[in-house]
Amino acid sequence: MDRGNLEELLEQVHTPGFAWAVRCCRGDRTDAEDVLQQSYLKVLDGRARFEGRSSFRTWLFGVIRRTALEQGRRSWTQALKLGAWWREQDGDQASPADHVAAGDLAGRLEAALRQLSRRQAEVMHLVFYQDLTIQEAADVVGLPVGTARTHYERGKARLRTILAGMGITR
Amino acid sequence: MMTDDNEDQDLEATFRAARARDTAWTPGFHRVLTRQPPTRRRPWGVGLGALLTAAALVAVVVVRTRTHRQAEAPFTITVGSLRMPTDFLLDIAGAETLRTVPAIGRSDDWFPNLPGAKGHPL
């Protein structure tokens, strides 16, 4: 597959790819652009090679996720974000003011997803936002399908509770 | 994935709204591909690295100095001064006598308790 074909394929999945990159970067759009660019360059340079064992989109999502994890490990800024991470781990609820500032349903959904574990948020995003099956989501995040299903069920219950607390769902 | 479960419709609607918003906010493909990677300034990282390196050097110097001093310390062990609690089992009767060397003509020294020996009452 030459570079032109690869660029065409990448462009076709660019919008969902960017949304997935944002999710992998915990909502940080600037980091997401960086991760997505690095992922594209990996694909175009041949450092990441599509071998057709899954759909191109599922495979690319895996590349994006690995790239985000690599970047997160390299980045010294992660240390500076430790406080935010700690608050997330501690289950600190986003304040009502944050929700008002978000100003819309999508913003509040993002705030709710941040309260889930990384895995739960990833599976929720892949299944509900990207319309992947649980099997495909498991392939992307590198989990057995049974484990992914557990994250799906628990994440769904927790997300519904959080959204209900925000007055979004029943 | 459109779930069959009716109770998931609320979640699906919420995510659908998020997707509609994000589609409008997504930067263009070529812009992402050709963007200049941000220069990551790491003043904290550099400072922290220098501090850790300095601390490691100080630790190495302190450890080496201590080791050197211990090696030079005057600490000698003489075998004769060591006596274990069970050494008395090796003691034998007349051990003091055996340490002296007999000599011809000086049997008095060797057998001082024999009758006729110098200093003996008999």
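In H8(A), the buried residues (under 20% relative accessible area, against over 50% for exposed and in between for partly exposed, with a 1.4 Å probe and protein chains only) are A:Ala106, A:Gly107, A:Leu109, A:Glu110, A:Ala111, A:Ala112 and A:Leu113. That makes seven of the nine residues of H8(A), and the helix is mostly covered. Helices (H or I, at least four residues) and strands (E, at least two) are DSSP runs, numbered from the N terminus.

This is a predicted model, in which local features need pLDDT of at least 70 and side-chain atom pairs count only at pLDDT 80 or more, while totals for chains, interfaces and linings use all residues. Residues are numbered from 1 along each chain as its sequence is written, chains are lettered from A and ligands numbered from 1 in the order in which they are written, and side-chain values use heavy atoms, with hydrogens and water left out.

**The two chains**

Chain A has eleven helices and zero strands. Chain B has five helices and, again, zero strands; its pattern along the sequence is α-α-α-α-α. Accessible areas come from the Shrake-Rupley method with a 1.4 Å probe, and for residues only the protein chains shown count as cover.

| Chain | Residues | Share buried | Accessible surface | Carbon and sulfur share of surface |
|---|---|---|---|---|
| A | 170 residues | 46% | about 8,400 Å² | 50% |
| B | 122 residues | 15% | about 10,500 Å² | 63% |

In chain A, 67% of the contacts (heavy atoms within 4.5 Å) with a separation of 6 or more are accounted for by residues 24 or more positions apart.

**The nonpolar core**

A nonpolar core is a set of buried Ala, Val, Leu, Ile, Met, Phe, Trp, Tyr and Cys residues joined through side-chain atoms within 4.5 Å. The largest one holds 56 residues, and A:Leu60 and A:Leu159 have the most contacts inside it. Neighbours within four places in sequence aside, A:Leu159 touches A:Leu109, A:Ala112, A:Leu113, A:Leu116 and A:Met124 of its own chain, and B:Leu11 and B:Phe15 of chain B.

H2(A) is largely enclosed by the rest of the structure, because ten of its eleven residues are buried. They are A:His14, A:Pro16, A:Gly17, A:Phe18, A:Ala19, A:Trp20, A:Ala21, A:Val22, A:Arg23 and A:Cys24.

A:Arg26 lies in the loop between H2 and helix H3 (29–45) of chain A. With a relative accessible area of 22%, A:Arg26 is partly exposed. A:Arg26 is not a glycine, yet its phi is positive, at about 55°. Most residues other than glycine have a negative phi.

**The second largest pocket**

A pocket is an open set of points on a 1 Å grid over the protein atoms alone where a 1.4 Å probe fits, with protein on both sides within 12 Å along at least five of seven lines; lining residues have an atom within 4 Å of a point. Grid points are joined across faces, edges and corners, and the volume is the space filled by probe spheres set on the points.

The second largest pocket contains about 290 Å³ of space. Its lining has 17 residues, of which A:Val22, A:Gly27, A:Glu110, B:Arg21 and B:Asp22 are the closest to the centre. Two or more lining residues each come from helix H2 (14–24), helix H8 (105–113) and helix H9 (118–129) of chain A, and from helix H1 (9–25) of chain B. By class, the lining has nine nonpolar residues (Ala, Val, Leu, Ile, Met, Phe, Trp, Tyr, Cys and Pro), six charged (Asp, Glu, Lys and Arg) and two polar (the others, Gly among them).

A:Glu110 belongs to helix H8 of chain A. A:Glu110 counts as buried because its relative accessibility is 18%. Beyond its neighbours within four places in sequence, A:Glu110 is in contact with A:Arg23, A:Arg26 and A:Gly27.

**The loop between H9 and H10**

A:Asp131 sits in the loop between H9 and H10 of chain A. Although A:Asp131 is not a glycine, its phi is positive, at about 60°. A:Asp131 is partly exposed, at 34% relative accessibility.

A:Thr133 is placed in the loop between H9 and helix H10 (134–141) of chain A, and it too is partly exposed, at 34% relative accessibility. The C-alpha atom of A:Thr133 is 9.7 Å from that of A:Val123, ten residues apart along the chain.
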